[in-house]
Amino acid sequence: MTKVMTLGQFIIERQAEFPYAKGELSRLLRDIGIAAKIVNREVNKAGLVDILGEAGTMNVQGEAVKKLDVYANDQFISALQSGGECCLIASEENEDVIQINSEVSRNAKYIVAIDPLDGSSNIDVNVAVGTIFSIYRRKTESGPCTKEDVLQKGVDQVAAGYIIYGSSTMLVYTTGHGVNGFTLDPSIGEFCFSHPNMQFPKSGKMYSLNEGNYVHFPEGVKKYLKYCQVEDKETNRPYTSRYIGSMVADIHRNMIKGGIFIYPTTASSPKGKLRLVYECNPLAFIVEQAGGRATNGFKRIMDLEVHEIHQRTPIFIGSEDMVKKAEEFMSEYSAELEESLEAVEAK
């Protein structure tokens, strides 16, 4: 009989990869896994109780807040506050950082940046949604954490992951030693090791972006899309368009099957729309650890300077060869955009 390894067991076995952590990072990852199970339970019964629809407020991004967004945010914050291994949280749903000044957490070593429910507008129509998280070591040595502690480049992450709530619920994470996936077994209530050493195919046949915004895309993206749609047997084109509208779900599919996800600048979002700290950096860390590539069209995502917790960026992420090809089109047809993005980063 095959032995089932749970997320908790796997984390403990891998603890030796972090001799300086003394178990804190392992406990922090387990806290996130527990909150994910609670959120998963509510996502799965969303149609049965009053947690669908608008909560009547706007989040800091100016987006209507869904009731389940609020619930997920509360659950992850509660788990991180109770665990004692996290001193500060940056969430999509909160304008400012959340300092944890309890006796057990005040001198904790870690900071968590989180998007509690990515793609939440899809809940009403029963499409996969997810949670994205990123973990950093604090910069200050002791006392209360500050906002500056979370303004670190993506290369400084010590761990990152996502949970996808779909036909099955999976937790996928990296600590810089490859990417591993765990599927929730509802019969025992545990995430079980199911996808070892996940890898992006070097190339693929799928591109994921909102083509409804085509007219507002940079010229380099328009040219790349036309390239994707031209028939060419040697390069297996035309490619297939697959866009779910939940970044976690699109990237998860592309990691398994090969593909590229693009969310470029548009006329209405000249800096890009997706958030660097708790969406793009953690997913870039995962994708790179799985052999993929993640850039803003010109520069590696994880090398971008971070000035604010809700900073936005365009992103080209996925199979290495596909991202490189998209970058070629950006360099040739949208070179002026590189200068404007560098100016934003330099501020």
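Biologist: Happy to look at this with you! Is Phe-329 buried or exposed?

Modeller: Buried means under 20% relative accessible area, exposed over 50%, and partly exposed in between, using a 1.4 Å probe and protein chains only. Phe-329 has a relative accessible area of 15%, so Phe-329 is buried.

Biologist: Good to know. What should I keep in mind about the model itself?

Modeller: This is a predicted model, in which local features need pLDDT of at least 70 and side-chain atom pairs count only at pLDDT 80 or more, while totals for chains, interfaces and linings use all residues. Residues are numbered from 1 along each chain as its sequence is written, and side-chain values use heavy atoms, with hydrogens and water left out.

Biologist: Which kind of aromatic pair do Tyr-227 and Phe-329 form?

Modeller: Tyr-227 is itself buried, at a relative accessible area of 16%. Rings of Phe, Tyr and Trp (its six-membered ring) pair if their centres lie within 6.5 Å; planes under 30 degrees apart count as stacked, over 60 as edge-to-face and the rest as tilted. For Tyr-227 and Phe-329 the centres are 5.5 Å apart and the planes are at 50°, so the pair is tilted.

Biologist: How many residues apart are Tyr-227 and Phe-329?

Modeller: Helices are DSSP runs of H or I with at least four residues, strands are runs of E with at least two, and both are numbered from the N terminus. Tyr-227 belongs to helix α4 and Phe-329 to helix α7 (residues 320-333), so this pair links distant parts of the chain, 102 residues apart.

Biologist: Which residue lies over the face of Tyr-227?

Modeller: A charge sits over a ring if NZ of Lys or CZ of Arg is within 6 Å of the ring centre and within 35 degrees of the ring normal. At 3.7 Å from the ring centre of Tyr-227, the residue over its face is Arg-237.

Biologist: Moving on, where does Asn-296 lie?

Modeller: Asn-296 counts as buried, because its relative accessibility is 7%. Its place is the loop between β15 (293-295) and β16 (312-313).
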